[in-house]
Every structure is written in C-alpha cells, then in structure tokens.
Amino acid sequence: MAKRTRATATTSTLARVNQTAIIEALRDSGALSRQQLGVKTGLSPATINRLTASLIEDGLVVAAGQEPSTGGRPSVLLRYAGSSRLVAAIQLRAETVTGILVDFDGKIVFRRSVELGPRPVDDAEVAQRAPDQDRQLRKVFRLFDDLIATADSMGTPCLAVGIAVPGVVQQPEGVVGTMPEFGWTGVPFGTLLRERTPLPVVVENDANALAYGELHTGAGRGLSSLVALFLENGLGAGIVANGELHRGARAEAGEIGYLLMERSSLERSYDARGDLEDRIGSLALTQRARERGIPLPPSGALTAEDVFELARDGNADAKEMADEILDMVAIAVAALVIVLDPELVVVGSSFVGSSDTVIPGIQERLRGRIIRVPRIEPATHREDAVLLGAAELAAAEVNGFAYLAF
C-alpha cells in the first residue's frame, strides 16, 4: 500500500528522499537549472549532478533548453517529464463508476463514466442491489481494462492504477468491507484486479484518497496533519497525522458515520450504517424529504448538496434540513478537531458545491464551543478530488518516492 514512509539512515533511502525533493521542486516551479535546484532543495552541487543524471536516465527528467546567457556558459534547464507517464484512477460511487487517465503533471487526459444503476433511495432498494453484484463488478472490471488499453493506444502505457471505494479497505489484499450502497460485503477488489494486470494496483477508502490528494496536490500541501471530510451516500473522514495517512489498527479510523450523537443513540444497535450516517446520509435525507414533502431530484435520491441548493432557492423545509445537517457535521468536526488537532479540515463531495455556506456555517457553530476553530477549506480539485487522490496514490507506487514528515 502506498504511503509516506519515514526515511532511515541508508544511502538508498536518502537518495530517494533527495530525488523526491528534486522532482517536487520541478513540479512546483517548472524548468530549473541545476544551480536553481540546489537553491530550492538545499542539496550540494555534487548531489544534484548525481541524482539528476539518474533521473534523466530513468526518463523522469528531461532537458528543456537553456537559461539566457549572462556572459558565461548558459545553464541547461531541466523539467519533470510528467506528461510522458500515465496512471489510471477509478472512483466507485453509488450510481456510477468513473475512471480517468492522469499524467504525472496532474493533467487528466482521458475520462469515462459507466452507470451502475440508480442510487438506492431506501433500505429495500439497497437489498435489491445485492444480487446485481456480479453484473456491477463486470462493469468495474471492463472500465479497468479499458483504461489500461486506452493508455496503450495513446502511446503512453499506464504504469499503475488507484481505486477509491466507499468502504473500509483491509490490506494487503485490498478487501473492501460492507458497502451498503451496493449490498456488497468483503469484496477482494485488490486480488481480483491484480489478477487482470501485472501493474501495481492500490485500493483505498474514498475519504482517505481525498485526504492523500489534498495533502500532496491540494489545500494541504506543506502540512503534516489534516482531516478530509467526505459526505456522499454516507459520511467518512480521511486522517493525515505526521505526514501519513492514519488508518487505525483495523483500517477503520475516520468512519465517523458511526459517531454517537446523543444519549438516545445508545437505545438501538447499528449495522451497515451508524448513528450519524442515519441522520445525514443520502438514505436518511431522502426519507425525511418524503415525509416533509420536499421535492426529490430525478434520481429519486437526495444528497446534502441537493438540500443546500433547495435551501438557497427558498424552500423553508429544505432550509430547516440544511441547518440540521450543519449542526450534525459541526458536532462531528468538533470531535475530530478536539481528538486530532489537525492543521486543516477539508470538506469534499456533496459539500463542495455549497462550501460558501457550509464552511461559514460550521465555523459559526463551533465558535466559542471548542478550544480553537480550525481552518476549513473546500477540496481543491472539487468533484475530481477523490479521483486525483487515487491517482496520486498510484503515482507514489510507480515512483517509489520516500517522504520526510516535517
């Protein structure tokens, strides 16, 4: 499983750490001379010369012309050859599976979505989807194969694949726990996909993928701790501590849909969904909307984003529901912040389109009630944040980079 690893005192690890620093400098700043790389990274000229030679030999760095001469011999500029290397990323959602090809500069060069069926609107429909598991899996596998074949046809073969799923992922086999949206339990995604390709395959929880992507290419760049809140059908959080994804002893860290919200929560048991998710997950919102006569979207299933949009349009019942969602989310954020003390909280998915009201609403509810109201920002890559996080996890498998947590 791709993750940030702490450096040891071995020569090979230090070389990988320093190569990472060089590539990150080139990704951040564009083409640089070796002297400029030394200034950016703090590495000695001898180390820069040795490591850039190795990176050029591996095809990771290429010459990009020369600096304008100031009287002496002009310096050769180097750039990161990200556009010549691709990874695939797939995000599994309640109603669709989406796949992209991404180059190592972060540019999406291909996208395809496949319908898995309408989003379930109640527990009966969730149960009905279970027999469709084989059919849905075949669609996922077909997209997986198509992405790899498309990369080959473009002349830039895919080097790794990252898969983001709405469930707890057990490693190293990549077994995904219960996914209520599909009626699936214990699907060995990692094993099944690795049987189809020799490429590295990373299977990760979608909230963790969001957190990883924001840490490396989004709002969390340069930080060592953050929490990424992901609300779609259910609710989860990706946690980064000391520069690494924190999954917990059983990969269940961040499953905040199971937070108990009040004393009455102790009067019942929870199985596929927890107390918080039973209050603000898509199934719960859809049921409440029906009871209150709130109009449903064509899909028949209501998300938090739908509620906020209806509230903005003046629907009084939706406004009341939106306030209830914000109350519950603020309580969840307070619990995460008090326990983890992150530098940043990122909100994604259904919250992204409503971040102008969601973020101030959360901060207002927390002000004066916890030690410190955290910095809260929307996911940088908006609707693609989870996909690009999965791509970043796949790219880490290819590069074998080592990161230092500062």
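**A tour from pocket to sheet to helix**

Start with the lining of the second largest pocket, which by class has 10 nonpolar, nine polar and eight charged residues. Here Ala, Val, Leu, Ile, Met, Phe, Trp, Tyr, Cys and Pro count as nonpolar, Asp, Glu, Lys and Arg as charged, and the others, Gly among them, as polar. The model is predicted: local features need pLDDT of at least 70 and side-chain atom pairs count only at pLDDT 80 or more, while totals for chains, interfaces and linings use all residues. Residues are numbered from 1 along each chain as its sequence is written, and side-chain values use heavy atoms, with hydrogens and water left out.

Select P166, G167, T178, E255 and E277: of the 27 lining residues, these lie nearest the centre of the second largest pocket. A pocket is an open set of points on a 1 Å grid over the protein atoms alone, where a 1.4 Å probe fits, with protein on both sides within 12 Å along at least five of seven lines; lining residues have an atom within 4 Å of a point. The space in this pocket is about 460 Å³, a volume being the space filled by probe spheres set on the points, which are joined across faces, edges and corners. Next, colour α7 and β13 (235-241), each of which supplies at least two residues of this lining. Helices (H or I, at least four residues) and strands (E, at least two) are DSSP runs, numbered from the N terminus.

Now show the open sheet of five strands, in the order β6-β5-β4-β7-β11 and with mixed pairing. Two strands pair if DSSP finds at least two bridges between them. β6 (108-115) and β11 (201-205) stand at the edges with a single partner strand each, so one side of each has no neighbour in the sheet. Select β7 (residues 158-165): this strand pairs with β11 in the parallel sense over five bridges. V161 stands opposite V201 in β11.

Move to helix α9 (residues 282-292), where the buried residues include S282, L285 and R288. Buried means under 20% relative accessible area (1.4 Å probe, protein chains only), exposed over 50%, and partly exposed in between. After α9 comes G293, whose phi is positive, near 75°.

Finish at R273, in the loop between β14 (244-245) and α8 (277-280). R273 is buried, with a relative accessible area of 16%. Select Y258 as well: R273 and Y258 are 15 residues apart in sequence and 6.9 Å apart in space, C-alpha to C-alpha.
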